[in-house]
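Please walk me through this structure. I am new to it and would like a guided tour of its contacts.

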Amino acid sequence: MIVIAIAAPLSARQAPADPTAKQGEADAKQAGEALAKRAAERLAALQREAESLAKQERTLLVELRRLEVDREIRSEELAKIQRDIAGVQKQLAAAGVRAQALQGEADRQRPDVEARFVQLYKMGRAGYWRLLLDVNSLRDVGRAYRTAAALGRIDRDRAEEHRRTLAALTTERATLEARAKDLAGLQKKAQAASAAVERAVAARTTLVQSIDARRDLNAQLTGELQDAQQKLQATIAQAAAGRPSSPAVLPLRPFQGALPWPAEGVVSSRFGRQPAAAAGPAVRNGIELSLPEGHPVRAVHEGTVAYADPFSGYGNLVIVEHADKSYSLYGHLGSVAVKKGEKVEQGTVVGLAGRNPAGNPALYFELRVDGRPVDPLQWLKR
């Protein structure tokens, strides 16, 4: 019996494994896992920040409530002082009326007192006792003695009453004026204390609003990063199964405040409007770092090189486009180490530091988010 072996169709047989494809899948999986690790670390940092912000806000709200109670107390103290001042002002007004009455009484008494003093002066040192010299009988002497004593006592009483009137007027005015002065001082202190509490309340209210805004941003960034993490997990799963997948990427925005510096150096020129005496443009869209020439410059985030050539005013310039249409720019490079269209990871050397137009060793670094330049110092690690 002749056995005829029929070869199976090529499509039914297992194709030989392609080592290059396997290596690409392994590299894609490894890159995805590295990005997933970065995403998980950043998510953990954002969660810690969210917990810290919530704790700060709770503390501030307690302090704000305490300040509001203090403000109410200060307001009541100030109202009481104002009521006291109004009462003293009424007392001063009444004292003024009494003072006018006392002054009128003093003015009424003065002519009579002055007349009596003049009469006594004319009568000499003996005064009313001269009446005793004009009597002939003992009975008249007793009557004259009693008359002289009564007249002297009347004069003394009038003089003493006048003195007391003037003294009472002076004392009452001085007392009320001193009280008014004390209350005015208390009012100033109470107003200063109230103003200080108002400023403290306003400052803490602004801080709470700032924390609320930061918490909202934190929640937004966490959501973006969680979406990116899910896509990464899908990419890793596809790579593990040997299926083609799109390159794994992470958005830039969730890494605000956590990006690595492109190089170690000293900030020699800051973002924004420059002093009148500063060299270069009046408004700078990035920062300039002073660092040794030839120092490696690294990408702060993964992306695709969109530009890698000389550019007027920036020397050799590299622009990296990131996943969410954000860009990082690296200027004043002495040499470029990447090409347009090349994929770069965080930490990839994009070039070596060169010199700025003034001839000083420097690196220009700029970040653009949603097409607008942002202050890199708010995005880089502190």
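Predicted model: local features only at pLDDT ≥ 70, side-chain atom pairs only at ≥ 80, totals over all residues.

Residues are numbered from 1 along each chain as its sequence is written, and side-chain values use heavy atoms, with hydrogens and water left out.

Start with the nonpolar cores. A nonpolar core is a set of buried Ala, Val, Leu, Ile, Met, Phe, Trp, Tyr and Cys residues joined through side-chain atoms within 4.5 Å. Buried means under 20% relative accessible area, exposed means over 50%, and partly exposed lies in between (1.4 Å probe, protein chains only). The largest core here has 30 residues. Leu-259, Val-318, Tyr-330 and Leu-363 have the most contacts inside it. Several elements give two or more residues to this core: H1, S4, strand S6 (303–311), strand S7 (315–321), S8, S10 and S11. Helices (H or I, at least four residues) and strands (E, at least two) are DSSP runs, numbered from the N terminus. S11 gives the most to this core, with four residues. In soluble globular proteins, nonpolar side chains tend to be buried together.

Next come the rings. The structure holds four aromatic pairs. Rings of Phe, Tyr and Trp (its six-membered ring) pair if their centres lie within 6.5 Å; planes under 30 degrees apart count as stacked, over 60 as edge-to-face and the rest as tilted. One of the pairs is Tyr-307 with Phe-311, which is edge-to-face, at 6.0 Å centre to centre and 80° between the planes. Tyr-307 is partly exposed at 26% relative accessibility. Phe-311 is partly exposed too, at 42%. The pair of Tyr-330 and Phe-365 is tilted, because the ring planes are at 50°, with the centres 5.4 Å apart. This pair links distant parts of the chain: Tyr-330 is in strand S8 (residues 327–336) and Phe-365 in strand S11 (residues 361–369), 35 residues apart. Both Tyr-330 and Phe-365 are buried. One aromatic cluster is formed by Tyr-307, Phe-311, Tyr-314 and Tyr-364.

A ring can also meet a charge. The charged end of Arg-38 sits over the ring of Phe-255, 4.7 Å from its centre. The test is that NZ of Lys or CZ of Arg is within 6 Å of the ring centre and within 35 degrees of the ring normal.

How many salt bridges does a search of the whole structure find? The search finds eight. A salt bridge is a side-chain nitrogen of Lys or Arg within 4 Å of a carboxyl oxygen of Asp or Glu. Side chains of opposite charge can pair when their charged atoms come close. One of the bridges joins Glu-57 and Arg-215, with the closest N and O atoms 2.4 Å apart. Glu-57 is in helix H1 (residues 19–123) and Arg-215 in helix H2 (residues 138–240), 158 residues apart. Glu-57 is buried, at 8% relative accessible area, whereas Arg-215 is partly exposed at 35%.

Glu-293 and Arg-355 form another salt bridge, at 3.0 Å from N to O. Glu-293 lies in the loop between strand S4 (287–290) and strand S5 (296–298), while Arg-355 is in strand S10 (residues 349–355), 62 residues apart. Glu-293 is partly exposed at 46%, and Arg-355 is partly exposed at 43%. Glu-321 and Lys-325 also meet in a salt bridge, at 3.3 Å. Glu-321 is partly exposed, at 23%. Lys-325 is exposed, at 55%.

Finish with two single residues. Gly-331 is found in strand S8. Gly-331 is buried, with a relative accessible area of 0%. Leaving aside its neighbours within four places in sequence, Gly-331 is in contact (heavy atoms within 4.5 Å) with Tyr-314, Asn-316, Leu-317, Leu-363 and Tyr-364.

His-322 is found in the loop between S7 and S8. His-322 is buried, at 3% relative accessibility. The side chains of His-322 and Ser-328 are joined by a polar contact of 2.9 Å. A polar contact is a pair of N or O atoms within 3.5 Å; within protein, one must be able to donate a hydrogen and the other to accept it, and residues adjacent in sequence count only if both atoms are side-chain atoms.
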